[in-house]
Amino acid sequence: MQEEQEFIKQLLNPKTQNNAFQQLLQDYQKPLYNHIRNIVLNHDDADDVLQNTFIKIFQNVKNFKGESKLFSWMYRIATNEALTFLKQKSKISGISSETLQNKTIDNLEADVFFDGNEIQIQLQKAIALLPEKQQLIFKMKYFQELKYEEISEILGTTVGGLKASYHLAVKKIEAFVSSN
Amino acid sequence: MKTFKLENEPKIETGFKTPEHYFENFSIKMMEQLPTDEPKVISIFQKRKTLILSVAAVLILALMIPILSPSSTNTQELDAVALENYITYQSNVNQYDLISVLETEDINNIKTGIVIEDEAIEDHLSTNSNLENLISE
């Protein structure tokens, strides 16, 4: 925590800002990319959202109060950016966000940056049927293997609530994959 | 139909890939894109808030004018000259009306206030054409 405060000071000081931000990028670009990609599914969209996320982080780090960890604060920004992006995309296309998600999954097979087989597509289709929050929880827990405590800090849900949601999500996914 | 159990299966990866050297290039691209001179963000709400506050302040001040400056409403004391002019030129008050209002004491005051010198009387009488008539009467 002490180290983190020192690091935030470096991010705010104009002299050390650039080096500190480079360090931030090195440490967090991969996990944040994966988090965003799991939500938006497509590489180009994930690239756009990741850029917006880092710009937001850079602009708002001065407002970071240190109430949560820098890591969860950045994950929150990335989550919001990704969800907002999807909402805007579905609005522009004039389709519901569910239809957009199904369409994106259908396009995955032809995606050059997707190297998956039938079971991976099935899993994505099963996830798409879950409510938004359950989707987030499942992806963060199963794919990214974040701890419940970390997810709790990012999403502001209790650990107990998260465990229940995850359990429910797993049950629904298993039922979907079994019947298809 | 085979029952699918997530925990019995080997972990299913997302299958998402990135272009080659994506992250190296991303860092470089990102560092170039950083806003150098950060634009000042003024939220519309804040602007509106100041506007509303200033309008409210002006209104309050405007409403307080009659309270703060009673002089404007209560300075109705009549200016003596104005009153005199009014009575002389504007009204149909005649001297009898005035006399009826005056107390005996006031009349005495007026009498003592008018000191007529003998010479003035003489001058007046000599210029007065009716003097002879008056004497003959």
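Author: Helices here are DSSP runs (H or I, at least four residues), strands are E runs of at least two, and both are numbered from the N terminus. This is a predicted model: local features need pLDDT of at least 70, side-chain atom pairs count only at pLDDT 80 or more, and totals for chains, interfaces and linings use all residues. Residues are numbered from 1 along each chain as its sequence is written, while chains are lettered from A and ligands numbered from 1 in the order in which they are written.

Reader: What percentage of the 180 residues of chain A count as buried?

Author: Buried means that 20 or more other C-beta atoms, placed from the backbone, lie within 10 Å of a residue's own; 12 or fewer is exposed, and in between is partly exposed. In chain B, 1% of the 137 residues count as buried. For the 180 residues of chain A, the share is 28%.

Reader: What share of the contacts in chain A with a separation of 6 or more comes from residues 24 or more positions apart?

Author: Two residues are in contact if their C-beta atoms, placed from the backbone, lie within 7 Å. Take the contacts in chain A with a separation of 6 or more: residues 24 or more positions apart account for 58%.

Reader: Now the two chains together: which helix of chain A gives the largest share of the side that touches chain B?

Author: The contact takes 27 residues from chain A and 21 residues from chain B. On the chain A side, helix 2 (17-40), helix 3 (43-60), helix 6 (118-128) and helix 9 (159-179) each supply at least two residues. The largest share, eight residues, comes from helix 2 of chain A.

Reader: How do the residues of that side of chain A divide into nonpolar, polar and charged?

Author: Ala, Val, Leu, Ile, Met, Phe, Trp, Tyr, Cys and Pro count as nonpolar, Asp, Glu, Lys and Arg as charged, and the others, Gly among them, as polar. Sorted that way, the side of chain A that touches chain B has 13 nonpolar, ten polar and four charged residues.

Reader: Let's look at helix 8 of chain A: why are its buried residues on the same side?

Author: The buried residues in helix 8 (residues 148-155) of chain A are Ile151(A), Glu153(A) and Ile154(A). They sit on the same side of helix 8 of chain A because, going by the directions from the helix axis to their C-beta atoms, they cover an arc of only 160°.

Reader: What covers the buried residues of helix 8 of chain A?

Author: Just after helix 8 of chain A, Gly156(A) takes a positive phi of about 70°. As for the cover over the buried residues of helix 8 of chain A, it includes helix 4 (70-93), helix 7 (132-143) and helix 9 of chain A.

Reader: Is Leu41(A) buried or exposed?

Author: Leu41(A) lies in the loop between helix 2 and helix 3 of chain A. Its phi is near 70°, a positive value in a residue other than glycine, and most residues other than glycine have a negative phi. Since 23 C-beta neighbours fall inside 10 Å, Leu41(A) counts as buried.

Reader: Does Glu145(A) count as buried or exposed?

Author: The loop between helix 7 and helix 8 of chain A holds Glu145(A). Phi of Glu145(A) is positive too, near 55°. With 9 C-beta neighbours inside 10 Å, Glu145(A) counts as exposed.

Reader: How far apart in space are Tyr142(A) and Val170(A)?

Author: Tyr142(A) belongs to helix 7 of chain A. It is buried, as 20 other C-beta atoms lie within 10 Å. Tyr142(A) and Val170(A) are 28 residues apart in sequence, and their C-alpha to C-alpha distance is 9.5 Å.
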